[in-house]
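Here is a short note for a first look at this structure. Please read the points in order, with the model open beside them.

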Amino acid sequence: MRLPAGVLTARQAHSLAEAAERLGDGALHLTSRGNLQLRGLGAACGGPLAELLHGAGLLPAPRHERVRNIVASPFSGLDGRGTRDVQPLARELDALLCASERAAALSGRFLFALDDGRGDMAGLGADVTLRAAAVEDAHPGAPADREAAVVVAGGAAVRVPCADGPRTMLLAAEAFLDAAEASGTRAWRVAELPPGRGPSTAALLDRAAAAGIAAEAAPAPRPGPAVPPPAPGHRPPSAGRAASGGAPPGAAYVLAPLGRLTAAQWRAAADLADRRGTGELRATPWRGLVLPGLPARFLPALAEAGLVTDPASPWHGTGACIGRPGCAKALSDVRADATAAVSGTPGGGPPGELPVYWSGCERRCGHPHGARIDVVATGDGRYDLTVAGGTGPQPSPADHPDPPAAALPGLDPGRLAAVLAAVRSAPAHHRPSTTK
């Protein structure tokens with residue numbers, strides 16, 4: 001179920017809990033795009049499920065449902081740290097997509113991202129990204145232009161007024177569709193187009209001019225240091241700063257172990273959001289839930305429900321695919337093994353510098369982007385452990401010798417837990433590139 005920008009009301013959340021209990025396996029599963037999955041659905045549940053979702057306002061445009069893949073800075077407008085609240089822009093983009101006949105041709109994998117200037121969406125590998133002007137984008141000594149944004153699609157980048165950002169993002173998606181058609185490929189995403197055949201800055205400028213949008217060529221946002229996934233806990237507004245539209249209300253942020261919430265946990269969060277927060281929940285691409293406006297004193301109630309509220313929890317940064325028995329391609333019950341590894345680490349173990357992701361096979365479905373530790377099942381109770389993505393060049397072994405390679409038998413969670421804890425907490429220059 002697509003949740004543009006991850007947003008839903010407490011009433012909608014209760015409807016989803018009902019769907020999970022009545023039609024599915026009794027749980028709700030958060031995805032790496034801030035969406036939700038219901039699993040264990042019977043073959044005859046399509047009609048009742050569609051009726052329930054439609055009644056809750058979660059199925060506004062059935063023909064466009066697969067293309068409503070929109071992520072946005074989940075704390076935007078809540079903690080005062082962004083330069084612009086992009087949540088209203090995400091809602092506008094969703095409305096534009098649902099109203100566009102052309103947009104219905106996009107694949108279900110095409111991803112839109114809106115970053116409020118803090119950089120948390122930049123590393124998610126979106127096809128079209130809007131980034132509100134960040135402080136470092138301004139001229140030296142000048143504040144960030146809160147009314148400007150850069151829209152990026154592949155190698156194309158244009159600077160537009162923030163208010164025109166959603167329209168420009170739709171134009172970029174249409175430019176991709178035209179480029180895919182012209183290339184004669186069946187590309188589903190911008191990165192799948194042949195080199196040099198993707199949307200160009202000139203093409204976006206032409207489309208913007210035809211739509212009456214004041215646009216100018218812009219360099220793509222400079223890659224900066226990766227923004228780590230947010231830690232669970234309470235997010236008060238930043239001192240001395242305010243989000244647009246008034247003082248930000250702050251938020252509570254919780255994680256669901258391996259992204260799975262029981263219907264009871266889901267209802268506990270929805271009840272608190274309704275009674276003590278703003279009545280809204282936001283699912284994040286890191287398989288967590290933001291509860292806007294919820295005071296810190298209610299975190300213990302969420303922890304009692306089994307949700308992760310402690311930033312030092314080893315569940316922070318631990319993810320997994322569905323594994324056995326939910327996936328026929330999986331070689332192991334990775335969720336059980338991941339749980340055993342977390343439980344088997346002395347003292348629970350620190351969350352570590354890198355996230356760790358458990359995969360039941362080489363496809364690595366749902367893995368996070370950027371630097372991470374991949375734990376991949378190979379069958380016979382064994383796993384390969386690989387430090388993947390964004391680790392950069394390694395210093396010479398003479399200066400920083402790597403730790404010795406270690407066997408990782410999946411039948412020994414204590415051993416696996418110890419190796420994972422050592423690799424996660426090691427400085428980057430001490431990590432092995434591959435350990436088996």
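1. Start with a term. Buried means under 20% relative accessible area, exposed means over 50%, and partly exposed lies in between, with a 1.4 Å probe and protein chains only. Helices (H or I, at least four residues) and strands (E, at least two) are DSSP runs, numbered from the N terminus.

2. Next, the basis of the values. This is a predicted model, in which local features need pLDDT of at least 70 and side-chain atom pairs count only at pLDDT 80 or more, while totals for chains, interfaces and linings use all residues. Residues are numbered from 1 along each chain as its sequence is written, and side-chain values use heavy atoms, with hydrogens and water left out.

3. The overall picture. The chain has nine helices and 19 strands. Of its 436 residues, 52% are buried. Contact means heavy atoms within 4.5 Å. Among contacts between residues at least 6 apart in sequence, 66% join residues at least 24 apart.

4. Strand E2 (residues 27–30) is covered on both faces. Ala27 and His29 are buried on one side, Leu28 and Leu30 on the other. In a regular strand the side chains alternate between the two faces of the sheet.

5. What does E2 pair with? Two strands pair if DSSP finds at least two bridges between them. E2 pairs with strand E12 (residues 260–262) in the antiparallel sense, over three bridges. There, Thr262 is the bridge partner of Ala27. E2 is also joined to strand E3 (residues 36–37), again antiparallel, by two bridges. Leu30 faces Leu36 in that pair. E2 and E3 make a hairpin with five residues between them, and Gly34 in the turn has a positive phi of about 70°.

6. Now the six-stranded sheet. This open sheet runs in the order E4-E5-E6-E7-E8-E9, with mixed pairing. Strands E4 (70–72) and E9 (216–217) are at the edges with a single partner strand each, so one side of each has no neighbour in the sheet. Strand E6 (residues 128–132) and strand E7 (residues 148–153) run antiparallel and are joined by four bridges. One of the residue pairs is Ala132 with Ala149 in E7.

7. Angles run from 0 to 180 degrees between N-to-C directions, and axes are lines fitted to C-alpha atoms, for helices over the stretch in contact. Helix H3 (residues 87–99) lies across E4, strand E5 (112–115) and E6, at about 170° to E4. Helix H5 (residues 201–210) lies across strand E8 (156–161) and E9, at about 30° to E8.

8. H3 also packs on helix H4 (residues 165–183), at an angle of about 45° and with the axes 8 Å apart. H3 is therefore oblique to H4. Angles under 35 degrees count as roughly parallel, over 145 as roughly antiparallel, 65 to 115 as roughly perpendicular and the rest as oblique. Leu89, Glu92, Leu93, Leu96 and Leu97 of H3 meet Pro166, Arg167, Met169 and Leu170 of H4. By class, that contact has seven nonpolar, no polar and two charged residues. Ala, Val, Leu, Ile, Met, Phe, Trp, Tyr, Cys and Pro count as nonpolar, Asp, Glu, Lys and Arg as charged, and the others, Gly among them, as polar.

9. A second open sheet has five strands in the order E1-E13-E14-E11-E10, with antiparallel pairing. Strands E1 (7–9) and E10 (233–235) stand at its edges with a single partner strand each, so one side of each lacks a neighbour in the sheet. The twist averages 25° from one strand to the next. Helix H1 lies across E1 and strand E13 (280–283), at about 90° to E1.

10. The axes of H1 (residues 10–23) and helix H6 (residues 263–276) come within 9 Å and cross at roughly 165°. H1 is therefore roughly antiparallel to H6. The residues in contact include Leu16 and Ala17 of H1 and Trp266 and Ala270 of H6. By class, the contact of H1 with H6 has seven nonpolar, one polar and five charged residues.

11. Last, some backbone details to check. A cis peptide bond, with omega about 0°, joins Arg324 and Pro325. Pro325 is in the loop between strand E15 (318–320) and helix H8 (334–344). Arg287 has a positive phi, near 60°, though it is not glycine. Arg287 is buried, with a relative accessible area of 14%.
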